[in-house]
Amino acid sequence: MIKTRVKKILVAITAAAAMGAASTSYAEEPIRIGGIYILSGSAATYGEFAQKGINLAVDEINASGGILGRQVEMVYEDSQGKASVAIQAARKLVYSEGVDALVGLDSSGVAQGMVPTMPELQKPLIITHAATPDVTGKLCNAFTYRISVNVAQNMKAAALVAEKLDATNWTTIGPDYAFGHQSWEFFGNYLKELKPDVNLMSETNFPRFGAEDFTPFIDRVMDSDADGVLISVWGGDLVNFIRQANNRGFFEKDYELLFTVGAATEVLSALGDEMPEGVHLSTRYWYDAYDNDVNAHFVKAYVDAYDVPPSYNAEGAYAAIYAYKKAMEAAGTTDASAVAKALSGMSMEAPNGTITFRKGDNQAMVSPNWGISGPMNSKYGIRTLTDLQIFDGEDVARSIEETGCNL
Amino acid sequence: MSGIGSALLNSLDIGLLLFIIAVGLNIVFGVLNIINFAHGALYMLGAYLAFTLINIVGMPFWAALLLAPLGVAILAVLIDRFLLRYIYSRDIADSLLLTFALLLIINESVRMIWGSGIQVVQPPQLLAGSMDIMGSSIPTYSLFVIVMGLALLAGLWFLFNRTRIGRIMRAAALDRDMAEVLCINTRLVVTGVFAFGAWLAAVGGVIAAPMRALDPGMGDKIIIESFIVVVIGGLGSFPGALLGAIILGLIHGFGGRYFPEVNMLLPFLGMALVLLFKPNGIMGKGAAA
């Protein structure tokens with residue numbers, strides 16, 4: 001499907017170029033942005049959300065005159081959730097599709113593999129989902145930016161939530177790759193700093209990503225002395241986890257539970273009222289958390305178009321296109337180095353408030369959201385979030401020195 | 001003790017679900033000499049059809065358990081008539097390519113028809129909730145999966161050992177030309193066996209639907225597990241599918257609980273050990289099988 005779309009676009013461009021060679025100037029060719037997301041397999045829903053957010057932004061921008069007077073055109077490639085595929089996709093987008101900029105990346109593993117190749121590609125990349133701290137840390141480079149919340153920011157917020165809870169013996173259940181391990185590592189370090197008497201248990205649980213049956217790990221936690229559990233299982237795995245934990249009576253015990261990606265709308269709508277009430281849920285963006293014009297407009301437009309509230313992944317992708325608009329207009333060109341330079345230190349109004357790409361590590365100062373699962377929202381069939389906390393982006397960010405980024 | 005007991009029941013429910021799926025793969029290989037890469041995709045189709053019948057049409061679970069596998073079996077007849085029949089006489093690599101193409105087509109079709117979102121099917125009222133067994137809370141549905149697995153096991157054993165159809169299938173598996181000489185319509189047997197394998201995959205999908213979230217990658221996940229089962233148990237072997245499935249179930253059930261640090265490694269370690277000492281699987285016949 002994607003290929004045919006790309007082909008159609010190519011044909012259209014060739015035709016347009018042939019017909020208009022004499023009369024159209026180069027500047028009126030569309031600006032092309034390449035999107036690399038998971039578009040097949042188990043996590044395809046994340047790529048689809050990103051596309052929905054992007055399409056909304058592109059339609060809005062094109063309807064109001066485009067960027068630098070040029071229309072915006074997207075070209076998508078499927079990362080399949082694999083770093084090697086994403087690297088190939090990026091090369092294809094840059095070298096044969098001739099895109100001016102890139103957005104994307106749904107997985108920490110993909111981001112860790114692809115980001116080091118960005119200086120070779122010489123095009124700016126705004127990461128809209130992948131959360132590993134490394135890509136705006138020790139792997140950072142002048143072409144890589146991130147508009148979404150990273151693990152370090154969210155785990156600082158999680159530690160601030162956990163600090164106020166009674167639990168003293170903490171363990172984790174998380175996917176067995178960068179995301180699960182780094183979530184636990186950052187959470188543990190921050191919590192220990194805030195509350196030195198907590199015990200970070202050495203018995204941790206890292207089931208395979210896509211494991212489907214989490215019962216053995218749930219049983220293991222229930223047999224242990226843990227009274228606090230950080231759960232970074234996400235997506236379809238989280239849906240399976242919650243249902244199996246319900247079966248085991250896990251939520252009837254008095255654990256303090258922190259779900260680091262628990263308030264993802266796709267998970268909440270799959271689970272409905274099977275998501276228990278009274279557990280701590282986080283998301284990188286909660287549609288109901290921000291009282292500003294951009295958010296009001298974004299949520300309304302998204303609900304009008306797709307009948308569901310926007311997920312965090314749609315928001316990040318939507319905002320990234322507007323970030324390019326602002327940076328390209330500030331630079332007055334689509335030249336990659338100039339756009340990258342304009343992004344660095346740039347502030348913009350996004351659905352989640354005023355955000356700034358910090359000079360030094362290119363990480364946007366964005367606010368993690370934490371809340372407690374509340375009564376059902378009957379309109380959307382998902383749990384509401386009560387006691388919502390919007391952490392200040394600057395407060396939860398690491399210092400530049402701590403990131404290990406040296407730009 | 002309750003820990004071990006609940007881990008055992010958990011292993012059995014994982015293992016017997018895998019058995020239902022892997023045995024279909026094995027029967028198709030045994031009779032048709034085809035490794036059906038699309039077997040996992042047929043399992044997924046079974047689950048999504050059940051989702052449609054239960055959540056959208058509003059049928060009870062039991063109706064879906066009857067109808068969805070039937071639908072998938074009909075599709076399998078069409079696949080056999082219009083695609084597979086042309087490659088039965090060819091090298092096994094051709095069937096690998098063809099069924100892999102089918103897998104991609106079915107995966108993409110599922111994503112286009114049902115979307116990429118995560119879907120959930122509720123167990124029937126009768127099987128909802130948990131029971132207290134030996135001090136731990138066991139989902140009633142897990143017990144149902146175990147009962148279904150054992151019932152299918154008994155049914156298959158009866159089919160192969162005590163019925164004429166079963167004997168014909170075994171004859172066709174042993175020597176198709178000889179069977180033809182004996183006036184067995186092997187074309188019909190071949191179609192029937194492929195449809196039966198698909199039916200088993202879809203039964204597995206319907207049974208899995210209330211306990212596992214549905215997404216367009218669920219077929220890929222199960223086919224990898226099923227291949228591990230047949231490698232451990234022995235390709236083409238009926239008891240091998242059972243043994244392999246139970247072993248893999250135990251690896252998952254106990255591995256995650258007692259050896260969590262190496263839980264990802266264990267299934268492959270088990271597979272490597274079997275390949276090292278019994279290259280054709282524990283119950284596998286010689287290379288000619």
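This is a predicted model: local features need pLDDT of at least 70, side-chain atom pairs count only at pLDDT 80 or more; totals for chains, interfaces and linings use all residues.
**Exercise 1. Determine whether helix 6 of chain A is mostly covered, and find what covers its buried residues.**

Solution. Begin with the geometry. Helix 6 of chain A spans residues 151–163, 13 residues in total, and reaches 18 Å from its first C-alpha to its last, close to the 18 Å expected at 1.5 Å a residue.

Then count burial, for which a residue needs 20 or more other C-beta atoms within 10 Å of its own. Eleven of the 13 residues of helix 6 of chain A are buried, so the helix is mostly covered. Among them are Val151(A), Met155(A), Lys156(A) and Val161(A).

Last, look at the surroundings. The cover over the buried residues of helix 6 of chain A includes strand 8 (228–231), strand 9 (256–259), strand 10 (280–283) and strand 13 (369–377) of chain A. It also includes helix 7 (178–194) and helix 14 (393–396) of chain A.

**Exercise 2. Compare the radius of gyration of chain A with that of a compact globule, and describe how its domains meet.**

Solution. Chain A has 15 helices and 14 strands. For 407 residues a compact globule would have a radius of gyration near 22 Å; the value for chain A is 21 Å, which agrees. The C-alpha atoms of chain A fill a box of roughly 75 × 45 × 40 Å along the principal axes. Of its 407 residues, 56% count as buried. Among contacts in chain A between residues at least 6 apart in sequence, 71% join residues at least 24 apart.

Now divide the chain. The domain assignment of chain A gives domain 1 (2–149 + 291–366) and domain 2 (152–287 + 368–400). The C-alpha centres of these two domains of chain A lie 29 Å apart. Across the boundary, 27 residues of domain 1 of chain A are in contact with 24 residues of domain 2 of chain A. On the domain 1 side, helix 4 (108–114) and helix 12 (312–331) of chain A are the elements that give two or more residues. By class, that side has 13 nonpolar, twelve polar and two charged residues.

**Exercise 3. Identify which element of chain B gives the most to the side that touches chain A, and describe the hairpin of chain B.**

Solution. The contact involves 29 residues of chain B and 30 residues of chain A. Two or more residues each come from helix 1 (2–32), helix 4 (92–114), strand 2 (136–139), helix 9 (218–233) and helix 10 (238–258) of chain B. Helix 1 of chain B gives the most, with five residues. The classes on the chain B side are nine nonpolar, 14 polar and six charged residues.

Strand 2 of chain B is also part of a hairpin with strand 1 of chain B, with two residues between them. Four bridges join strand 1 (residues 130–133) to strand 2 of chain B, and the strands run antiparallel. Met131(B) has Ile138(B), in strand 2 of chain B, as its bridge partner. In the turn, Met134(B) has a positive phi of about 50°.

Terms used:
Residues are numbered from 1 along each chain as its sequence is written. Chains are lettered from A and ligands numbered from 1 in the order in which they are written. Two residues are in contact if their C-beta atoms, placed from the backbone, lie within 7 Å. Ala, Val, Leu, Ile, Met, Phe, Trp, Tyr, Cys and Pro count as nonpolar, Asp, Glu, Lys and Arg as charged, and the others, Gly among them, as polar. Domain bounds come from an automatic or database domain assignment. The radius of gyration is taken over C-alpha atoms; the globule rule is 2.2 Å times the number of residues to the power 0.38. A residue is buried if 20 or more other C-beta atoms lie within 10 Å of its own, exposed if 12 or fewer, and partly exposed in between; C-beta atoms are placed from the backbone. The expected span of a helix is 1.5 Å times one less than its number of residues. Two strands pair if DSSP finds at least two bridges between them.
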